[in-house]
Amino acid sequence: MTGDADGEGAIASVEYSLRSGAAWLVLNRPRAANGLDPMMIAEFSAALQRAGDDDAVKNVVITGAGNAFCAGVDLSYASELGKSADRAFEEFLQPFAALVANLEAFNKPLIAAVNGACVGGGLEILLACDVVISAEQAVIGDGHVVYGLLPVTGLVRKLVRAIGSIRASSLLLTGSLYPAAELMSAGLVNRVVAAEHLETEVQELANLIGRRSTTTLSHLKSMLRGELDMTDHSAALFELGLAREHFDSGIPQQGITAFVKGREPDFEATQ
């Protein structure tokens, strides 16, 4: 994907650019369908850390170069690991699980721009994102079973939560790929757009989210992730406590005052 950048730098496997407050992380191994290997995982982790540390970054877009979003582990690389479980665990499985955990704990909004095939590890990355916008030609699925592999990031539980056990079973047990539009109706994808409009649609969404209070967004992400395993009562108490803390920041007053005065809030003044 292309586009003007406010500031940019290139890493071998992951391209990083800052566009109007959105950090674009482009998985950049198109000849391998953006398959994951240790180098890409390390550079993806570094790019995510860079985006998290930069106050100018309001949200992060993850997408792929070429015709794929991410096809999961690079099987050419994985073929070297077949004889050593210890090497597979230390060199790939554990680092990838840590990357996905970091994505899930990331305190800024994550937008997946699914430009093409999203399979296996790509699906695990997608499930860690907050919003998913897909090109209409993209296909999505879990191919682990096709190659006798298993997921390592809690994929099964997250997929069942996202689309229900019947649909999740079909994806997991067959390894079949499904059109993005079909998975939008299942609840895995937020929006499907023509490929030529994907970048524009995603940037517009990033711009919209970027106008919100970063502190408020961070607290909302804490609620979205943290309340999943709580009882209704515990979730209500959690929200009440976080809302009280949030009021002390002055951000709600800024938003309310802006509404009363008929203007757009300027949250930068209170963050």
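What is the mean pLDDT of the protein chain, and what share of its residues reach 70 or more? The structure is a predicted model. The chain has a mean pLDDT of 89, and 89% of its residues reach 70 or more. Residues 1-7 are a stretch where pLDDT stays under 50; the model has 20 contacts beyond four places in sequence for them.

**The hairpin of β2 and β3**

Strand β2 covers residues 14-19 and strand β3 covers residues 22-27; the two run antiparallel and are joined by six bridges. Together β2 and β3 form a hairpin, with two residues between the strands. S20 lies in the turn and has a positive phi of about 50°. Five of the six residues of β2 are buried, so the strand is largely enclosed by the rest of the structure.

**Charges over rings**

R19 has its charged end over the ring of W24, 4.3 Å from the ring centre. Likewise, the charged end of R50 sits over the ring of Y16, at 3.8 Å from its centre.

**The aromatic cluster**

How many aromatic pairs does a search of the whole structure find? The search finds two, and they are set out in the table.

| Pair | Distance between ring centres | Angle between planes | Type |
|---|---|---|---|
| Y77 and F92 | 6.1 Å | 50° | tilted |
| F92 and F96 | 5.9 Å | 15° | stacked |

An α-helix has 3.6 residues a turn, so residues three or four places apart point the same way.

Are these residues buried or exposed? Y77 is buried, with a relative accessible area of 9%. F92 is buried too, with a relative accessible area of 8%, and F96 is also buried. Y77, F92 and F96 form one aromatic cluster.

**Helix α9**

Helix α9 has 13 residues, 214-226. At 1.5 Å a residue the helix should span 18 Å, and its end C-alpha atoms are 18 Å apart, which agrees. The buried residues of α9 are L217, S218, H219, K221 and M223.

Note on methods: Residues numbered from 1 in each chain as written. Predicted model: local features only at pLDDT ≥ 70, side-chain atom pairs only at ≥ 80, totals over all residues. Heavy atoms only, no water. pLDDT = per-residue confidence, 0-100. Contact = heavy atoms within 4.5 Å. Helix = DSSP H or I, 4+ residues; strand = E, 2+ residues; numbered from the N terminus. Expected span 1.5 Å × (residues − 1). Buried < 20%, exposed > 50% of the residue type's maximum accessible area, 1.4 Å probe, protein only. Phe/Tyr/Trp six-rings, centres within 6.5 Å; stacked < 30°, edge-to-face > 60°. Lys NZ or Arg CZ within 6 Å of the ring centre and 35° of its normal. Pairing = 2+ DSSP bridges.
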